[in-house]
Amino acid sequence: MTGQQPQPEDTQLHRLCVFDLSLDCGHIATVAIDGWYPVSVACCERLGGTIQGGVYVPYASHVEYVNLLSENYEHRPAGTPRDATRLLGRRDRTDAPRQPAYGWDKGTAGRFPARVGATWSIDGSIAQVVPD
Ligand SMILES: [Zn+2]
């Protein structure tokens, strides 16, 4: 908040942020959010999911680390709905399995995803294939 200019009383402050969210599924999602960052987001199907009535719903990925890339404030008319969260990009976290490149290099067995998920059908139905 600037506090410099008087604002009309019928406005509300929107906090417009761009975050890099490090997720436990092994992705880093870059998202634009009107507000503060969430504790979990829908990202991918790596962690498994559930099926009910033939509808597959993947588990949400939890946010482990947050990097704030930009932050802006805007006064908007009161009652303005918050902007929908937008996914700007998604990339792998940098510890994918790899062989050591040199004798002193450790390499890594990979740490992500934190767990490998399975699909669990609540009512015994199977996911339906939806043609494009
Ligand atoms: Zn993911």
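How many bridges join strand E4 (residues 49-52) to E5? Four, and the two strands run antiparallel. The notes below start from the overall make-up and come back to this pair.

1. **Basis.** This is a predicted model: local features need pLDDT of at least 70, side-chain atom pairs count only at pLDDT 80 or more, and totals for chains, interfaces and linings use all residues. Residues are numbered from 1 along each chain as its sequence is written.

2. **Make-up.** The protein has zero helices and eight strands. Helices (H or I, at least four residues) and strands (E, at least two) are DSSP runs, numbered from the N terminus. From that end the elements read β-β-β-β-β-β-β-β.

3. Buried residues make up 11% of the 132 residues. A residue is buried if 20 or more other C-beta atoms lie within 10 Å of its own, exposed if 12 or fewer, and partly exposed in between, with C-beta atoms placed from the backbone. Of the contacts with a separation of 6 or more, 62% join residues 24 or more positions apart. Two residues are in contact if their C-beta atoms, placed from the backbone, lie within 7 Å.

4. Two strands pair if DSSP finds at least two bridges between them.

5. **E1 with E2.** Strand E1 (residues 11-23) pairs with strand E2 (residues 27-34) over seven bridges, in the antiparallel sense. Asp 20 has Thr 30 in E2 as its bridge partner.

6. **E2 with E7.** This pairing is also antiparallel, over six bridges. Here Ala 29 stands opposite Arg 90 in E7. E7 is hardly covered: among its seven residues the count of buried residues is zero.

7. **Arg 86.** This residue is found in strand E7. Is Arg 86 buried or exposed? Arg 86 is exposed, because 11 other C-beta atoms lie within 10 Å. Leaving aside neighbours within four places in sequence, Arg 86 is in contact with Val 31 and Ala 32. The C-alpha atoms of Arg 86 and Ala 32 are separated by 5.1 Å, though the residues are 54 apart along the chain.

8. **Arg 82.** This arginine lies in the loop between strand E6 (61-77) and E7. Arg 82 counts as partly exposed, because it has 13 C-beta neighbours inside 10 Å. Not counting residues up to four places away in sequence, Arg 82 touches His 14, Asp 34 and Gly 35. From Arg 82 to Ile 33 the C-alpha distance is 8.8 Å, across 49 residues of sequence.

9. **Nonpolar core.** Which residues make up the largest nonpolar core? There are nine: Phe 19, Leu 21, Leu 23, Cys 25, Ala 29, Val 31, Cys 43, Leu 47 and Tyr 59. E1 and E2 are the elements that give two or more residues to this core. E1 gives the most, with three residues. A nonpolar core is a set of buried Ala, Val, Leu, Ile, Met, Phe, Trp, Tyr and Cys residues joined through C-beta atoms within 7 Å.

10. **Phe 19.** Its contacts, leaving aside neighbours within four places in sequence, are Val 31, Ile 33, Tyr 37, Val 66, Asn 67, Leu 68 and Leu 69. Val 31 is also listed in the largest nonpolar core.

11. **Three-stranded sheet.** A further open sheet has three strands, in the order E5-E4-E8, and its pairing is mixed. Strand E5 (55-58) and strand E8 (119-121) are the edge strands, each pairing on one side only. Neighbouring strands of this sheet are turned by 25 degrees against each other on average, direction ignored. Axes are lines fitted to C-alpha atoms, for helices over the stretch in contact, and angles run from 0 to 180 degrees between N-to-C directions.

12. **Back to E4.** Towards E5, Ile 51 stands opposite Tyr 56, and Gly 49 stands opposite Pro 58. The hairpin of E4 and E5 has two residues between the strands, and in it Gly 53 takes a positive phi near 60 degrees. Towards E8, E4 runs parallel and is joined by three bridges. There the bridge partner of Ile 51 is Ser 121.
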